[in-house]
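Let's walk through this structure together, one piece at a time. Have the sequence and the 3D view ready.

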Amino acid sequence: MTALTLENLTLSYQRHPVVHHVTGAFRSGSSTAIVGPNGAGKSTLLKAIVGLLTPDHGHVRFEGVARRQLAYLPQQANIERQFPISVLDTILLGAAHAGSRWQRWFGGSSKAERERALAALDQVGLTGFEERPVGALSSGQFQRVLFARILLQDAPLILLDEPFTAIDARTTHDLLRIVAHWQAEGRTVIAVLHDFEQVHRHFDQTLLLAKECIGWGPSAEVLTRDNLLRANGMAERWVADAAVCHRDDEEVAA
Amino acid sequence: MTLYELFLAPFAEFAFMRLALVGCFALALGCAPIGLFLVLRRMSLVGDAMSHAILPGAAIAFIAYGLSLTALSIGGLIAGLTVVLLSGLVTRLTQQKEDASFAAFYLLSLASGVLIVSKWGSNVDLMHILFGTVLAVDPPALLLVAGIATVTLLGLALFYRPLVLESFDSEFLRVTSGGGALAHFVFLVLVVLNLVAGFQALGTLMAVGLMMLPATSARMWANSLPALLAIAIGFALLAGYLGLLVSYHANLPSGPSIILMAGAGFVVSLLFGRQGGLAWRVLKFKHLEG
């Protein structure tokens, strides 16, 4: 069963194409790593999937999941870290995700939600940090808080944009355990990553991107030396007539 | 001079001082929270830009209808909202950043306002619009200011969560609720409304002072949003009260007196605020050296 389909997706900033004719599907319950060199369009693709960027051509189609039912971890640079908000309140923002638009906008936090938030805080190893302002946290601690917020969102589709960049080994290890937990629960996980070892160990599928799709399928088959050389070469130049990426139809159906 | 004469007599004896005080308190209740969100959203100078932007609307209304409260307010509101809408459109449709488009439109608006007053008004008119006078606040003006304060507090209460999210993590709001643009627009409308309320009493140039100074002062005292809101409102109320007293006893213009009192609050906060006040820093260094 498919969770998300990209149909001939082309994305651009100021009319300069960044992602070019990407077509394919993310299976429900699969874990896909999006990899590629800097400037390959990985984060741009994620932004289009979550609706922060309107495609120039093509479509993002959700199947069996509503667009609002996804959890998205942005790069930390986009968050105002000096905002006067406590760790617990930040996590509770994840609970506001559920319910009607009225509840999402105007509802308060219930006792049950607070208990879930405390449990999430415990799961990311930050018990005792409830009232600490987020501005006083290290990058690793803040990333743990954002993971706890996703735990509260309880979303079937989870998108992570470079979740382990500038994060130390221990925090990365702890957060990868949470990702594994999501995978075991059957959630669809899509993550932009740079570490190939992480990809091989934790993500069964890989989308190799270099402005266009170089390969999409089982990680071992996509992350070949030839594909990576191709990806690095293509990211450095713009190919006007880049081919549309097709996946094997049977695999999509499966 | 007794304490009664110093602190209470001006308000007990003169109705115009009582009206001015209530007007200042109403302004403080609306302006201070709005100012705090401006500071937290790194839009401190947008308030200043908007205060200039309402000038042509107020100028046209002043020349056409004289000192008509309704006309001045509607004129100012139309000019302010026009600048908000045009800046918002330019920001979304082009690669211009919001601060740049605000700067462009408020300068155009300000120049138009000055041109209109110079050509068809008089310097006295310009001075009145620029500096206002809280001592001339009458019951209808008070109703307007109190009405705007009420709308502001209700608006902030209703849009509290989206506003917090928009300020803290706007992408999260856009992804989960899709209402980022609406929350932002509602907030800018509230900014314009409060500036319109403020320029009756303090003038277009001074109105923004009661918005920004208490908010920046509060930032030095607390680290949670509810506490910051309460402290900012407290500072604004105090500035209004003390400013009117200083203005009365020293025979000084009321608007600048109020803003200077808010400024005094800022200096005190800067020195002694619990969140990084300069005095604590010096004391801490001495302690370490000892």
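In what kind of crossing, left-handed or right-handed, does α3(B) pass α9(B)?

## A helix pair in chain B

The crossing of α3(B) past α9(B) is left-handed (the near helix is turned anticlockwise from the far one by less than a right angle). Helix α3 of chain B covers residues 15-40 and helix α9 of chain B residues 139-158; they pack at about 25°, with axes 9 Å apart. Because of that angle, α3(B) is roughly parallel to α9(B) (angles under 35 degrees count as such). Axes are lines fitted to C-alpha atoms, for helices over the stretch in contact, and angles run from 0 to 180 degrees between N-to-C directions.

## About the model

This is a predicted model, where local features need pLDDT of at least 70 and side-chain atom pairs pLDDT 80 or more, while totals for chains, interfaces and linings use all residues. Residues are numbered from 1 along each chain as its sequence is written, with chains lettered from A and ligands numbered from 1 in written order. Helices (H or I, at least four residues) and strands (E, at least two) are DSSP runs, numbered from the N terminus.

## The sheet in chain A

Chain A holds an open sheet of six strands in the order β5-β6-β7-β3-β8-β9, with mixed pairing (strands pair if DSSP finds at least two bridges between them). Its edge strands are β5 (70-73) and β9 (212-218) of chain A, each pairing on one side only.

Strand β8 (residues 205-210) of chain A runs antiparallel to β9(A), joined to it by six bridges. Here A:Ala210 stands opposite A:Glu212 of β9(A).

Technical notes: Parallel < 35°, antiparallel > 145°, perpendicular 65-115°, else oblique.
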